[in-house]
Amino acid sequence: MGICDTLLAQSDSIPVPREPIPNQLLRTRNTLILPLVARSIETDWSIGLAGSFTFRFSHTDTLTTRTSNTQALALYSLRKQFIAAVNGTTYFPGERIILNHQLSYSYFPDKFWGLGKDAPNKNEESYTFKQYYVYLHFQRKLKERVFAGLVYEYQRLLSIDYQPGKLFDQLAVPGRYPYHISGAGLSLTYDSRNNAFAPDQGGFLQIYFNHFAPLFGSNFRYTNYVIDFRRFIRIYRQQVMAIQAYGFFNSGDVPLRSLASFGGSNSMRGFYDGRFRSKNQVVAQIEYRIPLFWRLGAVGFFGVGNVGDRMSDLNFQEIKYSAGGGVRVALNKKERLNLRVDYGWGLGQSLSNGLYFQLGEAF
């Protein structure tokens with residue numbers, strides 16, 4: 001693991017005596033590069049390289065502008081999966097403009113159990129997909145903590161290899177052949193979080209829609225609606241309660257890789273990401289974060305959620321639960337960038353569980 005700090009200093013054509021400036025005022029950029037060993041239910045163990053670049057446009061603007069960040073990783077798993085991704089958030093001076101970006105390439109042997117909330121374990125089938133993905137979100141400040149935005153999303157499914165005559169064909173799953181989607185939409189965001197990686201105060205509420213249509217070059221016509229609410233409450237001696245309520249809804253002809261994908265390392269931990277797939281999903285989760293000593297911390301989490309083809313299916317029938325705990329290791333204490341180790345149990349039609357090694361908090 002290597003850490004490289006870049007210090008910004010002004011140069012003068014004529015030397016002028018000046019008072020020494022404390023180093024911490026000059027550290028507007030920080031780069032962290034490390035070999036990464038990760039694990040999730042979907043990948044088993046994987047190895048690769050991860051990098052995190054945090055920066056500010058000015059060392060004097062520390063009160064009104066949060067630290068920008070870009071993270072990059074390349075991972076290869078024991079299941080012969082390969083993922084390369086770059087994502088991050090750039091906060092321009094005064095947070096007048098915010099840019100979120102995510103770019104990725106995946107070659108991914110995966111699993112499929114069917115569609116809907118009732119997908120028995122016996123249905124499990126293997127398939128492999130290869131895809132590119134692009135997500136851009138440009139936001140402009142309307143007033144303090146309130147932002148309006150433009151969203152663009154592109155996905156190209158280069159190939160998909162599945163078992164002919166089995167579930168994909170029996171259910172006539174849209175997107176079981178190579179395709180691409182392209183869509184644009186609008187967002188409205190309220191954001192008072194005090195940190196990019198692990199907030200301990202503030203809230204976040206984002207609502208957006210994204211419309212995919214041939215007008216934008218998409219093979220499928222549908223609209224995606226998302227609402228994401230988060231609240232971070234400092235309880236006692238830097239202990240934090242983090243709460244998230246998340247809704248993901250679709251209308252129209254939605255292809256496989258754009259359906260709601262239940263589970264994963266950030267939501268309903270303990271469930272395989274995609275264990276349940278449908279047009280719509282709702283999830284609520286809570287996490288309690290406790291600092292211990294040195295760079296170590298501990299968390300406990302609990303979640304509840306469901307999926308459904310129709311809004312009326314998002315009810316308490318066959319509801320799913322997630323519970324677990326983990327530890328945190330601060331890789332960058334100043335910016336609160338943590339290595340996350342979680343173990344989660346998924347409770348639904350049957351018990352599932354898994355261990356996660358990840359970079360950054362779940363939400």
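Analyst: Happy to! One definition to begin with: a contact means heavy atoms within 4.5 Å. Please keep in mind that this is a predicted model.

User: With that in hand, which residues is Leu73 in contact with, leaving aside its neighbours within four places in sequence?

Analyst: Leu73 is in contact with Leu49, Ala50, Ile83, Ala84 and Ala85. Each of these pairs is called a contact because heavy atoms come within 4.5 Å. Leu73 itself sits in strand S4, residues 68-77.

User: Why is Leu73 called partly exposed?

Analyst: The relative accessible area of Leu73 is 29%. Buried would need under 20% and exposed over 50%, so Leu73 at 29% is partly exposed.

User: And what separates Leu73 from Ile233?

Analyst: In sequence, 160 residues; in space, 31 Å from C-alpha to C-alpha.

User: How do you know whether Glu42 is buried or exposed?

Analyst: Glu42 has a relative accessible area of 7%. Since buried means under 20%, Glu42 counts as buried. Its place is the loop between strand S2 (29-40) and strand S3 (44-55). Beyond its neighbours within four places in sequence, Glu42 is in contact with Arg79, Gln81, Phe108, Gly264, Phe271, Tyr272 and Asp273. Tyr76 is 34 residues from Glu42 in sequence, with 12 Å between their C-alpha atoms.

User: What about Asn195: buried or exposed?

Analyst: The relative accessible area of Asn195 is 8%; that is under 20%, so Asn195 is buried. Asn195 belongs to the loop between strand S9 (179-191) and strand S10 (202-212). Setting aside neighbours within four places in sequence, its contacts are Arg66, Glu335 and Arg336. Asn195 and Asp161 are 34 residues apart along the chain, and their C-alpha atoms are separated by 41 Å.

User: What makes Lys111 and Glu124 a salt bridge?

Analyst: Their side chains meet with N to O at 3.6 Å. The cut-off is 4 Å between a side-chain nitrogen of Lys or Arg and a carboxyl oxygen of Asp or Glu, so this pair qualifies. Lys111 lies in strand S6 (residues 97-112) and Glu124 in the loop between S6 and strand S7 (125-143), so the bridge ties together parts that are 13 residues apart in sequence. Both fall between the 20% and 50% limits, because Lys111 has 24% relative accessible area and Glu124 has 39%. Lys111 and Glu124 are therefore both partly exposed.

User: Why does the bridge between Glu144 and Lys141 pass the test?

Analyst: The N to O distance is 3.8 Å, and that is within 4 Å, so the pair counts as a salt bridge. Glu144 is exposed because its 58% is over 50%, whereas Lys141 at 23% is partly exposed.

User: Which residue forms a salt bridge with Asp342, and are the two buried or exposed?

Analyst: Arg340 is the partner, the closest N and O atoms being 3.3 Å apart. Both Asp342 and Arg340 are buried. They also take part in a network of salt bridges that links Arg269, Glu287, Arg289, Arg328, Arg340, Asp342 and Glu361. The structure holds 20 salt bridges.

User: Which residues make the nonpolar surface patch?

Analyst: Ile286, Phe302, Tyr321, Trp345, Leu347 and Leu351 make this patch of about 560 Å².

User: Finally, what lines the largest pocket?

Analyst: The largest pocket has a volume of about 590 Å³. Of its 23 lining residues, the closest to the centre are Ala198, Gln238, Pro291, Arg336 and Asn338. S16 supplies the largest share of the lining, four residues.

Definitions and conventions
Residues are numbered from 1 along each chain as its sequence is written. This is a predicted model: local features need pLDDT of at least 70, side-chain atom pairs count only at pLDDT 80 or more; totals for chains, interfaces and linings use all residues. Side-chain values use heavy atoms; hydrogens and water are left out. Patches are made of residues with over 30% relative accessible area and no salt bridge: like charges are joined within 9 Å, nonpolar side chains (Val, Leu, Ile, Met, Phe, Trp, Tyr) within 5 Å. Accessible areas come from the Shrake-Rupley method with a 1.4 Å probe; for residues, only the protein chains shown count as cover. Helices (H or I, at least four residues) and strands (E, at least two) are DSSP runs, numbered from the N terminus. Buried means under 20% relative accessible area, exposed over 50%, partly exposed in between (1.4 Å probe, protein chains only). On a 1 Å grid over the protein atoms alone, a cavity is a set of points where a 1.4 Å probe fits but cannot get out, and a pocket is an open set with protein on both sides within 12 Å along at least five of seven lines; lining residues have an atom within 4 Å of a point. Grid points are joined across faces, edges and corners, and a volume is the space filled by probe spheres set on the points.
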